[in-house]
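Colleague: Please take me through this model slowly, one question at a time, and show me how each answer is reached.

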Amino acid sequence: MKISIRRSRRAAIAVALGSVLALTATACGDDGSGGGGGEGAEGSGKGKIVFWDNNGGVRTDIWKEIIADFEKTNPDIDVEYVGISSTEYQSKVDTAIQGGGLPDVGGVGAAMLAGFSAQGALEPLDDRLAGSPLNGKLNEDMLKSMKAAGGGDGTLYSIPTSANNGVLYYRTDLFKKAGLQAPTTWEAFFTAANELTDVKKNQFGYTIRGGAGSIAQALDAMYGQSGITSFWEGDKTTVNDPRNIAALEKYAALYKNVTPSADLNNDFTKMVAQWDSGTIGMLNHNLGSYQDHVKALGVDKFRGIPQPTGPGGKRVQVSNPVDGLGLFKNSKNKEAAWKFIEFALSHEENSKFNESAGQVPANTDAAKDPWVAKAEPTKLAAQALSDGSTTIVQLPYYLPDWNTISKAENEPNLQKVLLGTMSAKEFLDGLAEQLNEAQAEWKQRNQ
């Protein structure tokens, strides 16, 4: 099942090229905002800049609030907001890199960072940060993650805004009614998924992610169960280790047995909405959906806890990408764009953003604010990442083709595994072949 990564990436960009025209019109604003080509310019530090939100819709309201605060403090700068859904963002940026129309500033998370930097689209930010009031005020681990994800040379291309973490949300009311303990182990998780399912009553123990973003969740379930603590063994990936194959078989067998059949095509928004409105016992997502659950269920009907522990009581999770803000190299008003990034990462604004998102702030002063301790999933996630109880399997975000391999090229194959038309072994062997090829190419370029 060999697939040419380069060919498929070029094809994806070509397919997306037609959609760039609509975005180009909004991205190429007056007063020197971003456009295609060239190295850009520092600009006057005034006028208009364009900001692309990489989680439009979900984060639109909080970003508009931050923009309003910024424009009040900087009345000579106008920020045009463009919200793009997370499932479309990479293709929109890739298309704009090829055809023109990039913004001045955009959301650039670690998972897509290497692909953008490899195309020369992002401004290096090390020197800007060194001369900024933010220097020394950002979480060092998040900065290291961003530098590692940038492609291998240690350059900082995105300023971290927040860290996410995988969370197992469960309905405390349903668990209590069924006499079940909290699903703190994988064994307890599978037991609860079965016990809480009554298909005739449309009640399910779990909702599985089968649509966009499904690979990362599947990897989390695999490594969590297998207890394997490294993504690479030498130059070969461990994704198709027999222990991971067995773990994926068990995870995929949940589909339609203890999950709704609609899960096959669910991305995170549909999955979260389904869990919030129905009688489903458990949901794997991340800290970002915490506030959605609070609004839908209140704080008394659910909890969000770290992922279950596996063999020997050990918790293993795959890394969740750090999110951040990047400055696009062809911006013609880099000074104003950097002012916006600095403002968004200030104590008050970064705290405001992450309280809304339910994530761990990158600004170390914001991370000490009272709301962090009051939001239980955020507090527990921060503890699990710092108290030595959790081993993180670092995903290879530094590979320029990681996002393409882990999304467009393999999400349809994972759906086949859920449907039973492809074996877990065939799927993971194919994924491993692509990853090993991408790793070899990366090492050759960076030797």
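**The second largest pocket**

Colleague: Which helices and which strand each supply at least two residues of the lining of the second largest pocket?
Modeller: Please keep in mind that this is a predicted model. The lining of the second largest pocket can be sorted by the helix or strand that supplies its residues, and the elements that supply at least two each are helix H7 (140-149), strand S13 (360-361) and helix H17 (376-386).

Colleague: Which of these elements gives the largest share of the lining of the second largest pocket?
Modeller: The lining residues of this pocket divide into 16 nonpolar, nine polar and two charged. When the lining is sorted by its origin instead, the largest share is six residues, and the element they come from is H7.

Colleague: Which residues of the lining are the closest to the centre of the second largest pocket?
Modeller: The second largest pocket has a volume of about 660 Å³. It is lined by 27 residues, and those closest to its centre are Asp141, Met142, Ser145, Val322 and Leu385.

Colleague: Are Glu80 and Lys48 buried or exposed?
Modeller: Glu80 and Lys48 also form a salt bridge, with 2.6 Å between the closest N and O atoms. This pair links distant parts of the chain, Glu80 being in strand S2 (residues 77-83) and Lys48 in strand S1, 32 residues apart. As for their accessibility, both Glu80 and Lys48 are buried.

Colleague: In which helix do Lys352 and Glu349 both lie?
Modeller: The side chains of Lys352 and Glu349 meet in a salt bridge with an N to O distance of 3.8 Å. The two residues are three places apart, about one turn of the helix, and both lie in helix H15 (residues 347-357).

Colleague: What is the angle between the planes of Tyr170 and Phe175?
Modeller: A search of the whole structure finds 21 aromatic pairs. Tyr170 and Phe175 form one that is edge-to-face, with 4.9 Å from centre to centre and an angle between the planes of 65°.

Colleague: What is the relative accessibility of Phe175?
Modeller: Tyr170 is buried, with a relative accessible area of 5%. Phe175 counts as buried too, at a relative accessibility of 2%.

Colleague: How far apart in sequence are the parts that Trp275 and Phe302 tie together?
Modeller: Trp275 and Phe302 form an edge-to-face pair, with centres 6.2 Å apart and 90° between the planes. Since Trp275 lies in helix H12 (residues 268-277) and Phe302 in strand S10 (residues 302-306), the pair ties together parts whose separation in sequence is 27 residues.

**Backbone and helix cover**

Colleague: Where does Asn202 lie?
Modeller: Asn202 has a phi near 60°, a positive value in a residue other than glycine. Asn202 is exposed, with a relative accessible area of 54%, and its place is the loop between helix H9 (186-195) and strand S6 (204-207).

Colleague: Which residues of H14 are buried?
Modeller: Helix H14 (residues 334-344) is mostly covered, with eight of its eleven residues buried. Taken in order along the helix, these are Lys334, Ala336, Ala337, Trp338, Phe340, Ile341, Phe343 and Ala344.

Note on methods:
Residues numbered from 1 in each chain as written. Predicted model: local features only at pLDDT ≥ 70, side-chain atom pairs only at ≥ 80, totals over all residues. Heavy atoms only, no water. 1 Å grid on protein atoms, 1.4 Å probe; cavity = no way out; pocket = protein on both sides within 12 Å on 5 of 7 lines; lining within 4 Å. Points joined across faces, edges and corners; volume = space filled by probe spheres on them. Helix = DSSP H or I, 4+ residues; strand = E, 2+ residues; numbered from the N terminus. Nonpolar A, V, L, I, M, F, W, Y, C, P; charged D, E, K, R; others polar. Salt bridge = Lys/Arg side-chain N within 4 Å of Asp/Glu carboxyl O. Buried < 20%, exposed > 50% of the residue type's maximum accessible area, 1.4 Å probe, protein only. Phe/Tyr/Trp six-rings, centres within 6.5 Å; stacked < 30°, edge-to-face > 60°.
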